[in-house]
Every structure is written in C-alpha cells, then in structure tokens.
Amino acid sequence: MDPALNPDNLRLRQERVVFARMRGTQDRVADAITTFAGTMLFVYIHAFWFAVWIALNEGLLGQAGIFDPYPYGLLTMIVSLEAIFLSTFVMVSQNRQAARENVRADLDFETNVRSEVWSAHIGAALGLDPREIEQRVQELLTENRAKMNGSPQKPG
C-alpha cells in the first residue's frame, strides 16, 4: 500500500494534541496559577488573609502581636509584588492562548484545503461543472453576508 494513502497518514491532527506537545512545565505552572487566581476561593483566601493581617496589626493580640503597624507598609509591598506576578502569569497565559488559537487556525486551514481538494476531485468524478457550483457558492455567501449585516435579502 502506498504510504501516502495509509489511513493513519490521512488522519487530521487535533489542536489539543498539537498544543499539548508545545506545553512545558513552566507553561503548566503559569496556567495553574492563573486558573486558581480566577476563582472565588482565591478571593476568599485573600479577604481572610487581609482581615487577619489588619486585625493582628490593630492590636487584636496586644502590642506584641503588631508587626506591620498602620498604614501597613509590608502588606502594601506584598500585595504589590503579588499583583506584579499575577499580571505576568495572566500575560503568559494570554500569550499561550494566542499561540493555541494560531495552531487551531493552521489546523482549520489545513482541514479546509483538504476538503476543497477532495470536493474538487469528487465533483470531477461525478461530472459536475465547477463554474456552476462556484457561482452557486458565491450566491449563498452573498446571501449569508447580507443576513449577517442585516441587509434585506434579494428574492431567490
């Protein structure tokens, strides 16, 4: 059997599989952090942490428990550093999402080219007129664009 006609060689690549091969450990860590940072649990943990920090530094356990007096300079620095790192993780994840969309677009293009080639060969084998089919395709595309733009349709 011709290797080009082997069914395993004709199988289309899946975006998930292609993208998984591109991911490294650092990418997985950045995605995990970004995913967790986007949850309500993250918000609750921070609200609790801030409340405890402020309560301790307002003297809840007495003067000996105060380690960052008002205006909470240490807390401000920690929160600022956290914001810097979280925004960086979000940008890393957004860049990876953009790369994933590029992979998806490339695979979609490959699929569309394959479909077009197969359609042309099947049409030729059936004796169909490619010009007539293309004219009908253009008519349908024009109608669909008009529908999407809210323009009135031409009577068929």
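How many salt bridges does the structure hold? The structure holds 5 salt bridges, a salt bridge being a side-chain nitrogen of Lys or Arg within 4 Å of a carboxyl oxygen of Asp or Glu. Side chains of opposite charge can pair when their charged atoms come close. Several of these pairs are visited on this tour.

**Before starting**

This is a predicted model, in which local features need pLDDT of at least 70 and side-chain atom pairs count only at pLDDT 80 or more, while totals for chains, interfaces and linings use all residues. Residues are numbered from 1 along each chain as its sequence is written, and side-chain values use heavy atoms, with hydrogens and water left out.

Please colour the chain by pLDDT, the predictor's confidence in each residue, from 0 to 100. The protein chain averages a pLDDT of 87, and 88% of the residues score at least 70. Select helix 1 (residues 7-10), where confidence is lowest, at a mean of 56. Then select helix 4 (residues 40-57), where confidence is highest, at 96. Helices (H or I, at least four residues) and strands (E, at least two) are DSSP runs, numbered from the N terminus.

**Stop 1**

Select Arg96, which is found in helix 5. At 10% relative accessibility, Arg96 counts as buried; buried means under 20% relative accessible area, exposed over 50%, and partly exposed in between (1.4 Å probe, protein chains only). Next, display the residues that Arg96 touches: Phe19, Arg23, Asp27 and Asp31, not counting residues up to four places away in sequence. Contact here means heavy atoms within 4.5 Å.

Now select Asp27 together with Arg96. Their side chains meet in a salt bridge (3.8 Å, N to O). This pair links distant parts of the chain, with Arg96 in helix 5 and Asp27 in helix 3, 69 residues apart. Asp27 is partly exposed, with a relative accessible area of 22%.

Remain in helix 3 (residues 25-37) and select Ala30. Ala30 counts as buried, at 4% relative accessibility. Ala30 touches Phe89, Val92 and Ser93, not counting residues up to four places away in sequence. The C-alpha atoms of Ala30 and Arg96 are separated by 9.9 Å, although the two are 66 residues apart along the chain.

**Stop 2: the aromatic rings**

A pair of aromatic rings is described by the distance of the centres and the angle of the planes. Rings of Phe, Tyr and Trp (its six-membered ring) pair if their centres lie within 6.5 Å; planes under 30 degrees apart count as stacked, over 60 as edge-to-face and the rest as tilted. By this rule the count comes to 5 aromatic pairs.

Select Trp49 and Phe50, an aromatic pair that is stacked, at 5.3 Å centre to centre and with 25 degrees between the planes. Trp49 is partly exposed at 27% relative accessibility, and Phe50 is partly exposed with a relative accessible area of 27%.

Move to Tyr70 and Tyr72, an aromatic pair that is edge-to-face, at 5.4 Å centre to centre and with 90 degrees between the planes. Are these two residues buried or exposed? Tyr70 is exposed, with a relative accessible area of 64%, whereas Tyr72 is buried, with a relative accessible area of 10%.

To finish this stop, select Trp49, Phe50, Trp53 and Phe67, which form one aromatic cluster.

**Stop 3: helix 6 and the surface**

Select Glu139 and Arg136, whose side chains meet in a salt bridge (3.3 Å, N to O). Because Glu139 and Arg136 are 3 residues apart in helix 6, they are separated by about one helical turn. Glu139 is partly exposed, with a relative accessible area of 35%, and Arg136 counts as partly exposed at 41%. Returning briefly to the partners of Stop 1, one may see that salt bridges that share partners join Asp27, Asp31 and Arg96 into one network.

Select Asp129 and Arg131 next. They form a salt bridge, the closest N and O atoms being 3.8 Å apart. Asp129 is partly exposed, with a relative accessible area of 32%, while Arg131 is exposed, with a relative accessible area of 67%.

Finally, show the surface and select Trp118, Ile122, Leu126, Leu128, Ile133, Val137 and Leu141, which form a nonpolar patch with about 660 Å² of accessible area together. The elements that give two or more residues to the nonpolar patch are helix 5 (73-126) and helix 6 (130-149). Patches are made of residues with over 30% relative accessible area and no salt bridge: like charges are joined within 9 Å, nonpolar side chains (Val, Leu, Ile, Met, Phe, Trp, Tyr) within 5 Å. Accessible areas come from the Shrake-Rupley method with a 1.4 Å probe; for residues, only the protein chains shown count as cover. Val137 is partly exposed, with a relative accessible area of 34%.
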